[in-house]
Amino acid sequence: MHLSETNGRNRKAKPMETSELSRTRRRPNAAQPARMTRLFLFLSLSLNLGLLLFLALVTQRPEAVSATQTRGPILRTLEAKHFSARPAHASPWAQLESDDLAVYASNLRASGCPSETVRDILLPLIDEKFGHLEASVSEPTNFWANFSQRRAAASAWVEQGIALRQQKDKAIKEILGFEWSSEGLDQARASEAAGSVGCLDYDSAEKLLCITDRFNAQFLRVASSHRIDRRSAIYQKWHDEISEILSPADLEETELRGMLMIFQRRNPNLCSAGLSGSEMRQLMTFRCELSKAFPSALIAGDNELLQEPDSTGERQFLVKARGLLGDNRFIDYLKSCDASFEKTLAALEQEHAPRTLALQLFDLRQEATARAQEIRDMPVRRAEKRTQLVALRQSALEQFTAFSNAGTDSPLLRINEEWLHQIEIP
Amino acid sequence: MSSRLLTFSVCLNLVLLGATGYWAASIHSGGNIPLALPATNRQTETSAVPAPANVAIEATATPLRWNELESEDYAIYITNLRKAGCPEPVLRRIISADLKELYARKAFALVKEFHRDFWEIAARENVRYYYDTTLAQRVKALCEEPDPLLKELVGGSIAELSRASAGSSLVTHFIDFLSAAKQQQLRALTERYEVQQEAVRQADLSPQEEKSRLAQLRLEMESEQAQILLPEELAEYQLRRSTAACELRALCGVDFSETELRNLTKTLNDYHHRIASQAEPDTQTLDEKLESVLGPARFTDFSRARSTGYREIYEVVTDFGRPTETAAEIFEMRLASEKQSDQIRADKNRPPEEKQALLDELEEQVEQGVRTRLGAEAYQSYKARGGLWINSLGRF
């Protein structure tokens with residue numbers, strides 16, 4: 001509306017200027033000095049006008065795009081209120097500062113400060129504020145307190161610590177929009193976890209580390225717990241939060257890598273199995289179906305699973321691995337991670353027996369072990385179990401010797417004595 | 001009239017041309033000063049005298065714009081922040097975080113190839129070992145690169161900045177019996193010596209030399225502590241910080257009074273000092289001494305409290321919310337049944353079959369007893385981690 005009015009006024013002005021000029025042209029014999037004076041005056045006034053316009057333009061601040069322009073009315077009102085309350089004599093920075101960190105954050109954003117810098121400025125201040133509170137609930141100090149008193153005090157202290165941390169995280173989220181953690185950011189900046197989470201983009205890795213740091217106290221608390229339900233509950237919360245910042249593909253990849261770190265540590269010869277990269281990844285998918293790696297596997301190189309798979313789970317995993325690799329390559333896999341199988345295979349090779357025989361003996365072992373577990377779980381007297389287990393062992397031994405033609409003192413039997421013996425223990 | 005107007009207009013021309021010239025000159029002379037920063041900020045850079053009030057008001061009336069502070073050149077960015085009145089600690093935080101992140105992103109770029117080939121590498125070698133031996137050092141070096149730069153820019157390395165807030169590692173419960181002033185002195189002293197100890201550990205010394213220097217520092221620190229504390233305060237402080245006190249705090253599931261704990265600490269400390277000069281530790285004598293200090297009943301409690309087996313049961317019992325007495329009952333059951341199974345095995349008057357039957361019966365009884373006390377879920381959990389002794393009862 002305003003612009004069109006200005007344009008209208010300009011359009012009306014043009015004919016007037018033309019009539020002035022034409023009027024001058026109609027009187028060619030007027031006094032020359034007067035004409036010159038008017039011309040100089042006209043030029044001088046035009047120059048003044050031009051210079052004034054120029055100076056006005058260059059001294060006027062360009063309107064920077066501020067965060068207020070993109071945010072809701074409540075926050076804009078808050079910011080406007082704070083700006084208007086600033087003392088006029090303060091330095092530009094002092095005008096941004098406020099004891100109320102939410103206001104400080106709003107002011108910084110309104111000035112166009114990037115969100116990362118707002119975070120870097122305010123997070124230590126939030127830490128500091130809550131640090132005072134943490135110090136006020138410092139560790140129980142009665143050195144000579146008895147065990148019950150110390151345990152109760154320590155438990156209350158941990159509870160208070162967790163509650164305080166939750167309050168702090170809430171405040172951080174309110175002020176900064178995401179529950180950043182100084183420790184998590186430090187970890188990201190030191191690239192300590194670049195070897196494990198470097199598959200993610202830096203921003204996602206940073207968030208993953210911050211979320212994990214927030215859960216650390218809770219993970220530590222349940223790490224030694226016998227209660228699987230508690231461990232699972234904490235893991236699930238962590239997982240839910242991670243799901244919000246990572247794509248399903250990134251999340252899966254992160255979990256698989258965590259599992260691999262643990263699996264390789266537990267099976268140091270795995271890399272000699274001759275697997276391809278995709279086969280290794282698929283095997284880790286099978287492992288992840290059995291259990292999950294605690295996040296500490298990725299961050300701190302720990303070795304802990306949410307829950308150790310039972311023997312049934314391990315057997316299921318091996319069936320899947322065999323299906324993936326085929327018999328021949330499954331033999332190589334077993335050779336890399338099962339010492340007894342490796343020795344059996346070596347003994348058979350020495351006797352020029354076929355490799356597949358090792359697999360037959362392995363199947364026999366798996367079946368006998370599974371059956372032994374069923375017997376142990378039966379609700380019968382121990383003497384009865386013992387009888388059944390002894391019979392099972394005898395049967396397994398007979399089948400073993402029948403398959404392998406091994407005598408009672410053969411090296412092959414000595415190698416496999418351990419599991420045969422284990423079978424008969426109730 | 002026209003000529004007077006012309007004179008005035010020409011004068012105005014000159015004034016306006018002068019103003020334009022001044023503006024152009026100021027742009028050229030202040031190359032690193034952002035275009036629209038208020039003039040007073042430039043004044044504060046060149047003059048220690050505060051600007052007149054009216055100038056300051058005029059300068060600060062306009063809100064700060066971040067895009068005018070930022071620069072791709074850190075030196076300019078810092079100058080601009082300082083000019084805007086950014087406090088030094090905040091400035092350090094901004095620059096330190098910015099620099100560290102910049103290099104961390106470079107580190108992430110450095111490991112990109114490794115992550116692209118991650119599964120192929122994992123198929124042929126241990127990925128963690130591969131990373132540690134091929135990339136970890138380079139990543140670490142890259143992340144340490146900002147340290148000297150930060151020192152140059154804001155006068156302190158990242159490590160120094162983080163150390164500044166570290167404080168001493170002195171735990172409050174060692175010193176809470178002292179006055180606040182003495183606590184403060186002791187903390188300061190500890191912090192000072194911790195820095196020196198760390199320097200010794202970081203120095204490239206032989207193990208013997210390092211040990212000797214650390215011992216020397218410890219002696220010096222103790223001597224200074226003696227100057228701060230009264231003799232009885234020093235004795236209490238040393239008692240609390242002793243290895244024996246630390247051992248006793250690890251006892252599980254039994255409550256000892258303060259007197260008992262103090263007596264136990266002193267007895268254990270005496271023992272530790274004595275065995276330092278002996279080749280073979282004499283645990284039998286120690287136990288006799290402890291029993292004489294506590295009395296037979298409390299010594300039994302003490303033995304239970306220091307047993308790993310008891311701790312395992314105690315943890316399960318408390319984890320599953322059972323009464324803590326249950327842990328003591330199960331532990332007693334364990335001691336008694338293990339003794340009984342040893343007797344059965346050692347009995348020369350019974351045939352093996354009979355011994356096995358007796359052992360089976362014993363194991364079943366104990367298993368039932370433990371299961372009843374713990375409940376099915378807790379029992380399964382205990383058996384998987386600490387309860388293997390139950391199965392050992394029936395083994396002949």
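At what angle do helix 16 (residues 339-350) of chain A and helix 17 (residues 355-376) of chain A pack? They pack at about 140 degrees, with their axes 9 Å apart. Keep that pair for the second stop.

**Before you start**

This is a predicted model: local features need pLDDT of at least 70, side-chain atom pairs count only at pLDDT 80 or more, and totals for chains, interfaces and linings use all residues. Residues are numbered from 1 along each chain as its sequence is written, while chains are lettered from A and ligands numbered from 1 in the order in which they are written.

**Stop 1: the two chains**

Colour by chain. Chain A has 19 helices and 0 strands. Helices (H or I, at least four residues) and strands (E, at least two) are DSSP runs, numbered from the N terminus. Of the 426 residues of chain A, 28% are buried. Buried means that 20 or more other C-beta atoms lie within 10 Å of the residue's own; exposed means 12 or fewer, partly exposed is in between, and C-beta atoms are placed from the backbone. Take the contacts in chain A with a separation of 6 or more: 65% of them join residues 24 or more positions apart. Two residues are in contact if their C-beta atoms, placed from the backbone, lie within 7 Å.

Now chain B. It holds 25 helices and 0 strands. Of its 396 residues, 23% are buried. For contacts in chain B with a separation of 6 or more, residues 24 or more positions apart account for 57%.

**Stop 2: helices 16 and 17 of chain A**

Select both helices. Their angle of about 140 degrees makes helix 16 of chain A oblique to helix 17 of chain A. Axes are lines fitted to C-alpha atoms, for helices over the stretch in contact, and angles run from 0 to 180 degrees between N-to-C directions. Under 35 degrees counts as roughly parallel, over 145 as roughly antiparallel, 65 to 115 as roughly perpendicular, and the rest as oblique. The crossing is right-handed. That is the case where the near helix is turned clockwise from the far one by less than a right angle; anticlockwise is left-handed.

Show side chains. From helix 16 of chain A come Phe341(A), Thr344(A), Leu345(A) and Leu348(A). They meet Arg355(A), Leu357(A), Ala358(A), Leu361(A) and Phe362(A) in helix 17 of chain A. By class, this contact has 7 nonpolar, 1 polar and 1 charged residues. Nonpolar covers Ala, Val, Leu, Ile, Met, Phe, Trp, Tyr, Cys and Pro; charged covers Asp, Glu, Lys and Arg; the others, Gly among them, are polar.

Then pick His352(A), in the loop between helix 16 and helix 17 of chain A. Its phi is near 55 degrees, a positive value in a residue other than glycine. Most residues other than glycine have a negative phi. His352(A) is exposed, with 6 other C-beta atoms within 10 Å.

**Stop 3: Ser191(A) and helix 8**

Is Ser191(A) buried or exposed? Buried, with 27 other C-beta atoms within 10 Å. Ser191(A) sits in the loop between helix 8 and helix 9 (194-197) of chain A. Its phi is about 55 degrees, positive although the residue is not a glycine.

Step back to helix 8 (residues 182-189) of chain A. Its buried residues include Gly184(A), Leu185(A) and Gln187(A). The buried residues of this helix pack against helix 10 (202-223) of chain A and helix 6 (88-110) of chain B.

**Stop 4: helices 13 and 15 of chain A**

Select residues 277-290 and 311-337 of chain A, which are helix 13 and helix 15. They pack at about 155 degrees, with axes 10 Å apart. Helix 13 and helix 15 of chain A are therefore roughly antiparallel. Their crossing is right-handed. Residues of helix 13 in this contact include Leu283(A) and Phe286(A); those of helix 15 include Phe317(A) and Leu324(A). The contact divides into 7 nonpolar, 2 polar and 3 charged residues.

**Stop 5: the cores and the interface**

The largest nonpolar core has 97 residues. Such a core is a set of buried Ala, Val, Leu, Ile, Met, Phe, Trp, Tyr and Cys residues joined through C-beta atoms within 7 Å. Leu208(A), Leu260(A) and Ala107(B) have the most contacts inside it. Centre on Leu260(A): it touches Met284(A), Ala122(B) and Val127(B), not counting residues up to four places away in sequence. A second, separate core of 16 residues includes Tyr310(B) and Ile330(B).

The contact between the chains takes 80 residues from chain B and 70 from chain A. Helix 1 (residues 2-29) of chain B gives the most to the chain B side, with 13 residues.
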